[in-house]
Amino acid sequence: GSTHVRDGIDLKRLMSIVVVALIPTIYMALWNTGYQTHLRIEGILESQGLQPADVPGWQAAVMRNLGLPIDQPGNWAANVVHGALYFLPIYLVTVAVGGAWEGLFAIVRRHEINEGFLVTSMLFPLTLPATIPLWQVALGISFGVVIGKEIFGGTGRNFLNPALTARAFLYFAYPAQISGSIWSAPRSSEGAFDALSGATALGAAAEGGLESIEYTWFDCFMGWIQGSMGETSVLACLIGAAILIGTGIGSWRIMSGVVIGAAVFSVATMSASDTNPMFGFPFTWHLVVGGFAFGTVFMATDPVSASMTRTGQWWYGALIGAMTIVIRVVNPAFPEGIMLAILFGNVFAPLIDYFVVQANVKRRLARVA
C-alpha cells in the first residue's frame with residue numbers, strides 16, 4: 001500500500017557513505033604518521049651523528065628496500081608510504097579478528113554477515129596510536145564487537161558505539177600504550193632511539209597549560225601534530241562532516257549540540273581554579289586538540305547509539321560536549337574526554353528520547369483537550 005516511504009538508501013549504501021567521509025582522515029593518518037616519524041628520526045640522526053641505515057624496525061627496513069628516505073619530513077610520498085606501514089597492519093588485524101567474530105555470530109544466529117562492521121573496522125584503527133602492539137588491537141576489537149555489539153543482538157541493536165567500546169577497553173586496560181608518548185620508534189641495542197617520543201598536545205596542556213604546547217593553533221587545526229592516527233586533523237574531520245550532513249547520514253544537530261555544550265562549559269570554567277592549568281584552557285583550543293573533532297563528527301553521530309528524536313539530538317550533543325570539558329578540566333588524568341563523554345551520552349540517549357516523546361505526548365493531549 002501507500003503506508004511506507006521508500007528511497008534508495010540501505011545499510012550498504014549508508015556504510016559506504018561513511019567510509020567515503022572517512023577518506024580525508026585516512027589520508028591524514030597515513031601522511032601525518034609518516035611525517036611525525038620522519039621528523040623525529042631526522043632529529044635523532046642529527047643529534048646522535050647516525051645514518052638512516054642505523055634506524056631499527058621492519059618499517060624502516062622496508063622503506064630502505066623501496067629506496068624511500070626515512071629522515072625527510074618534506075617528502076610527501078615517503079610520508080604516505082611509511083605511514084601506511086604503520087596503519088595497514090593495525091587495520092588488517094582489526095578486519096581479520098573483528099570479521100572472525102562477526103562471522104562466528106552470524107553462523108550461530110544463522111543470518112548473513114551485514115555491513116555494520118565495515119565502518120567499525122575503519123573507525124577503530126583511526127583512534128589508535130601508530131605504535132600500539134598488534135595483540136592489543138586484536139584484544140580491543142574483540143571486546144568491542146562481542147561486548148559492545150553482538151551480545152545485544154548485533155548491528156542495529158547495540159546501545160554503545162562498538163569502536164569506542166573497543167578503544168575504551170584499551171584505554172583503561174593498557175594506558176601506557178594508548179596514550180602519552182605515542183611516537184616511539186623501536187629501540188636499538190644502544191638505546192639511541194629512546195628519545196624518539198613525545199606527549200600529545202592535549203597531554204602537554206594537562207600538565208602545563210597552553211604555554212606548554214609546542215604547536216600553533218593552525219598546526220592543530222591542520223593536523224600536523226602528534227596524536228592518534230586519524231584524530232589529529234580538524235580540517236579532515238570537517239570535510240567528512242560536510243559529506244555526512246550533505247547526504248543526510250550524520251546529524252548536524254548532534255554536531256552542533258556537542259560544540260555548543262563544550263563552549264558553554266569551557267567558558268563557565270575559565271577562571272574557576274588557579275592551580276589546574278586546564279581551567280584556563282581556551283575553548284577554541286579544545287576544538288582542535290585531542291579527538292574532539294573526530295569524536296563529534298564520526299562517533300557521536302552513530303545512528304544506532306545516538307538519540308533518535310530531533311529535540312533529543314540537541315540535548316544528547318550538548319551532554320557530550322559538556323561532559324568532554326568536565327572530564328578534561330576537572331580530571332586532567334584523563335585528558336582525552338570526548339571518548340568517555342560519548343559513551344556516557346550513549347547510555348543516556350534512550351532516556352533523553354523517552355522524555356522528549358513524553359513531552360510531545362503531553363503537548364498533544366493538552367491541545368486535544
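## Cysteines

Cysteine 237 is buried, at a relative accessible area of 1%, where buried denotes under 20% relative accessible area, exposed over 50% and partly exposed in between (1.4 Å probe, protein chains only). Cysteine 220 is also buried, its relative accessibility being 0%. The structure contains 0 disulfides, a disulfide being a pair of cysteine sulfur atoms within 2.5 Å.

## Basis of the model

This is a predicted model, in which local features need pLDDT of at least 70 and side-chain atom pairs count only at pLDDT 80 or more, while totals for chains, interfaces and linings use all residues. Residues are numbered from 1 along each chain as its sequence is written, and side-chain values use heavy atoms, with hydrogens and water left out.

## Asparagine 346

Helix α15 (residues 337-368) contains asparagine 346; helices are DSSP runs (H or I, at least four residues), numbered from the N terminus. Asparagine 346 is buried, with 0% relative accessibility.

The side chain of asparagine 346 lies 3.3 Å from the backbone nitrogen of asparagine 161. Leaving aside residues up to four places away in sequence, asparagine 346 touches Phe159, Leu160, Asn161, Ser305 and Tyr316, contact meaning heavy atoms within 4.5 Å.

## Second largest pocket

The second largest pocket holds about 360 Å³ of space. A pocket is an open set of points on a 1 Å grid over the protein atoms alone, where a 1.4 Å probe fits, with protein on both sides within 12 Å along at least five of seven lines; lining residues have an atom within 4 Å of a point. Grid points are joined across faces, edges and corners, and the volume is the space filled by probe spheres set on the points.

Of its 24 lining residues, Met15, Val119, Asp302, Pro303 and Val304 are the closest to the centre of the second largest pocket. Two or more lining residues come from each of α1 (11-48), α4 (116-126), α6 (162-173) and α13 (292-299).

Methods
A polar contact is a pair of N or O atoms within 3.5 Å; within protein, one must be able to donate a hydrogen and the other to accept it, and residues adjacent in sequence count only if both atoms are side-chain atoms.
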